[in-house]
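I opened this notebook to record what I looked up, entry by entry, with the cut-offs beside the terms they belong to.

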Amino acid sequence: MRDFGPYLGLPLWLWLFVLPTVTVILAGLFRQQAEPLLRPVWRLLDRVYLAGGMIAAVGMITILLLIVGQMIARWSSIAFPGSTAYAGYAMAATSFFALAYTLTRGGHIRVSVFLNMNRFTAFWLDAFAMLIGALTATFFARYAIKAIGFSVMLNDRTQGQDKVPEWLLAAVSMLGTWPWHWAEVWATRGTGWVFTPLWLPQLPMAVGTILLALCLWDHLSRLVVTGQTAIVSEAVE
């Protein structure tokens, strides 16, 4: 836990693992009081997961457009440098942004043979599995964010031929800085194209893992409060 330094006076592992677990336990113990408070939060989070799924759909369309662009470039004998890398970035963004939405729709593989034994066993096994999943996803989300920090610190760049405009880097960098630093962000950027910094394609991975961790904690709270899982597989006939 050396990498989990103190934040606001408490170790980061306490914020990420212990406090969410205690919060879920308290919500389960005081269901009647917790449910009216949590339902608006659940509705808001459902919209967030849907937005992630829509972004993933845009990523799939982007992959299609890149493939078509590669075909046209090949037929026209025109170079399309970095197209393979761009497609890989779009595929990574699609995969990670879709994780939370896919979970809410029952799209992930869930071994349910023991869940069909009886209602009591199903509840506790589902709660235990979801808790382990939430802890694991939170762990991965933490290190996905840390990977971005390392890439920024090392100024790590792509090894391929793909480049991005500097104005795009400035626009994305604004999301991680305070508004009073935005002028400085734009002042340090030029108007040309530079090799893609690795933190840019790593960003969707981090956001996607954060959404997945949040989704697992969210659905664990729904399970302990309502007594039944909110993850329902869509029937396919």
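The entries below go from confidence to the annotated segments, then to one helix and to the aromatic rings.

**Basis.** I am working with a predicted model, in which local features need pLDDT of at least 70 and side-chain atom pairs count only at pLDDT 80 or more, while totals for chains, interfaces and linings use all residues. Residues are numbered from 1 along each chain as its sequence is written, and side-chain values use heavy atoms, with hydrogens and water left out.

**Confidence.** I looked up pLDDT, the predictor's confidence in each residue from 0 to 100, and found a chain average of 89, with 94% of the residues scoring at least 70. The mean is lowest in E1, at 79, and highest in H7, at 95; helices (H or I, at least four residues) and strands (E, at least two) are DSSP runs numbered from the N terminus.

**Annotated segments.** The unreviewed UniProt entry annotates "transmembrane region" over several stretches, including residues 12-30 and 50-73; such annotations may be inferred rather than shown by experiment. In the model, residues 12-30 are 95% helix and 0% strand, with end C-alpha atoms 26 Å apart, and residues 50-73 are 100% helix and 0% strand, with end C-alpha atoms 34 Å apart.

**Helix H1.** I then followed H1, whose 18 residues (12-29) reach 25 Å from first C-alpha to last, close to the 26 Å expected at 1.5 Å a residue, where the expected span is 1.5 Å times one less than the number of residues. A kink of about 30° lies at Val18, shortly before Pro20; the bend is the angle between axes fitted to the seven residues ending there and the seven starting there. Val18 is partly exposed, at 31% relative accessible area, given that buried means under 20%, exposed over 50% and partly exposed in between (1.4 Å probe, protein chains only). Among the buried residues of H1 are Phe17, Pro20 and Val24, and the cover over the buried residues includes helices H2, H4 and H7.

**Aromatic rings.** I searched the whole structure and noted four aromatic pairs. Phe123 and Trp124 form an edge-to-face pair, 5.2 Å centre to centre with 85° between the planes; rings of Phe, Tyr and Trp (its six-membered ring) pair if their centres lie within 6.5 Å, and planes under 30 degrees apart count as stacked, over 60 as edge-to-face and the rest as tilted. Phe123 is buried at 16% relative accessibility, whereas Trp124 is exposed at 51%. Phe139 and Tyr143 are a tilted pair because their planes stand at 50°, with centres 4.9 Å apart; both lie in H4, four residues apart, about one turn of the helix. Together with Phe140 they form one aromatic cluster.

Key
Contact = heavy atoms within 4.5 Å.
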